[in-house]
Amino acid sequence: MFEPILLLLLASCASAAPGSLVNIAMNFNSLCKECQVHTAAVQDILLHAGNESDDSGLAAVVSLAIDYYGGWPTYVPNNDTCENNAIGLEHGPDRCVTDRYHLCAQHASPPEPHWFDYVQCMWMNIDTLKCHKNGFCAKRSDFFEALSRVHPMCAESAGVNGEAIQACAESSRAIELQKASYLRANKTLVHGFAPTYVDGIYLK
């Protein structure tokens with residue numbers, strides 16, 4: 001997946017104006033195991049070039065964005081809650097909550113430069129967030145207990161404001177961020193699951 005990204009990224013960097021960023025847009029599910037693998041590759045190969053330092057890879061010349069799937073295959077806007085709409089889907093209502101935490105980190109005000117490190121940490125801990133099941137926790141109370149441990153740990157490790165992210169995730173702003181993200185992800189379904197775009201160009 002990431003060899004074509006690197007090639008296109010290098011070409012984009014060569015043609016871009018000095019100081020401009022190359023935009024990489026991805027589409028994932030916040031409790032998806034395959035998505036965990038993809039984002040780990042972005043962090044380890046693309047951003048860090050195999051090192052721990054953010055300065056080792058291409059982090060300084062890229063702008064990352066992630067949108068989320070509100071349903072599968074298609075999110076249909078309505079007046080009901082994400083949680084009710086998610087009943088019967090693979091990752092259930094818990095995915096609605098983790099989507100909001102991810103989006104609130106990405107779209108924080110003021111911005112969180114290390115939001116991707118936070119969401120990647122959340123992905124790396126989805127086994128805990130899913131109570132070590134393939135789909136989701138049997139009881140929502142178990143999920144929220146897991147979230148109460150994973151979220152602050154990831155916020156601290158990434159150096160982001162965990163309290164502000166949680167406050168946002170529990171607010172009406174998170175609902176709006178979520179709906180907007182789901183609608184953007186809808187438009188990418190023509191390219192299948194988890195497509196990636198570099199400066200608007202779909203990577204086949």
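This is a predicted model: local features need pLDDT of at least 70, side-chain atom pairs count only at pLDDT 80 or more; totals for chains, interfaces and linings use all residues.
Glu90 and Asn134 are 44 residues apart in sequence, yet their C-alpha atoms are 8.5 Å apart in space. Is Glu90 buried or exposed? Its relative accessibility is 53%, so Glu90 counts as exposed.

A disulfide is a covalent bond between the sulfur atoms of two cysteines. How many disulfides does the structure hold? There are 4. One of them joins Cys82 and Cys96, with 2.1 Å between the sulfur atoms. This pair links distant parts of the chain, for Cys82 belongs to helix H3 and Cys96 to helix H4, 14 residues apart. The torsion about their S-S bond is about -80°, and therefore the disulfide is left-handed. Both Cys82 and Cys96 are buried.

Helix H4 takes part in another of these bonds. Cys104 and Cys168 form a disulfide, and their sulfur atoms are 2.1 Å apart. Because Cys104 lies in helix H4 and Cys168 in helix H8, the pair ties together parts that are 64 residues apart in sequence. Here the S-S torsion is about -70°, so the disulfide of Cys104 and Cys168 is left-handed. Both of these cysteines, Cys104 and Cys168, are buried.

Next, look for Cys121, which a disulfide joins to Cys154, with a sulfur-to-sulfur distance of 2.1 Å. Cys121 is in helix H5 (residues 115-124) and Cys154 in helix H7 (residues 140-158), so this bond ties together parts that are 33 residues apart in sequence. With a torsion of about -75° about the S-S bond, the disulfide of Cys121 and Cys154 is left-handed. Cys121 and Cys154 are both buried. If you count the bonded cysteines along the chain, the disulfides follow the pattern 1-2, 3-8, 4-7, 5-6. Two further cysteines to look at are Cys32 and Cys35. Cys32 has 9% relative accessibility and therefore counts as buried, while Cys35 is buried with a relative accessible area of 0%.

The model has 7 aromatic pairs. In one of them, the ring centres of Phe28 and Trp123 are 5.7 Å apart and the planes meet at 85°, so the pair is edge-to-face. Phe28 lies in strand E1 and Trp123 in helix H5, which means that the pair ties together parts that are 95 residues apart in sequence. Both Phe28 and Trp123 are buried. Another edge-to-face pair is that of Phe143 and Phe144, at 5.1 Å from centre to centre and 65° between the planes. How accessible is each ring's residue? Phe143 is buried, with a relative accessible area of 0%, whereas Phe144, at 40% relative accessibility, counts as partly exposed. Returning to Phe28 and Trp123, ring pairs link these two residues with Tyr68 into a cluster.

In soluble globular proteins, nonpolar side chains tend to be buried together. In this model, the largest nonpolar core has 50 residues. Which residues have the most contacts inside that core? They are Leu64, Ile66, Phe116 and Tyr118. Phe116 is in contact with Leu64 and Ile66, and also with Met26, Thr39, Val42, Gln43 and Leu47, when its neighbours within four places in sequence are set aside.

We finish with helix H9, which covers residues 172-186. H9 has 15 residues and reaches 21 Å from its first C-alpha to its last, close to the 21 Å expected at 1.5 Å a residue. Which residues of H9 are buried? They are Ala174, Leu177, Gln178, Ser181, Tyr182, Ala185 and Asn186. An α-helix has 3.6 residues a turn, so residues three or four places apart point the same way. The buried residues of H9 pack against strands E1 (22-28) and E2 (62-68), and against helices H3 (82-85), H4 (94-106) and H8 (162-169).

Terms used. Residues are numbered from 1 along each chain as its sequence is written. Side-chain values use heavy atoms; hydrogens and water are left out. Helices (H or I, at least four residues) and strands (E, at least two) are DSSP runs, numbered from the N terminus. The expected span of a helix is 1.5 Å times one less than its number of residues. Buried means under 20% relative accessible area, exposed over 50%, partly exposed in between (1.4 Å probe, protein chains only). Contact means heavy atoms within 4.5 Å. A disulfide is a pair of cysteine sulfur atoms within 2.5 Å. Rings of Phe, Tyr and Trp (its six-membered ring) pair if their centres lie within 6.5 Å; planes under 30 degrees apart count as stacked, over 60 as edge-to-face and the rest as tilted. A nonpolar core is a set of buried Ala, Val, Leu, Ile, Met, Phe, Trp, Tyr and Cys residues joined through side-chain atoms within 4.5 Å.
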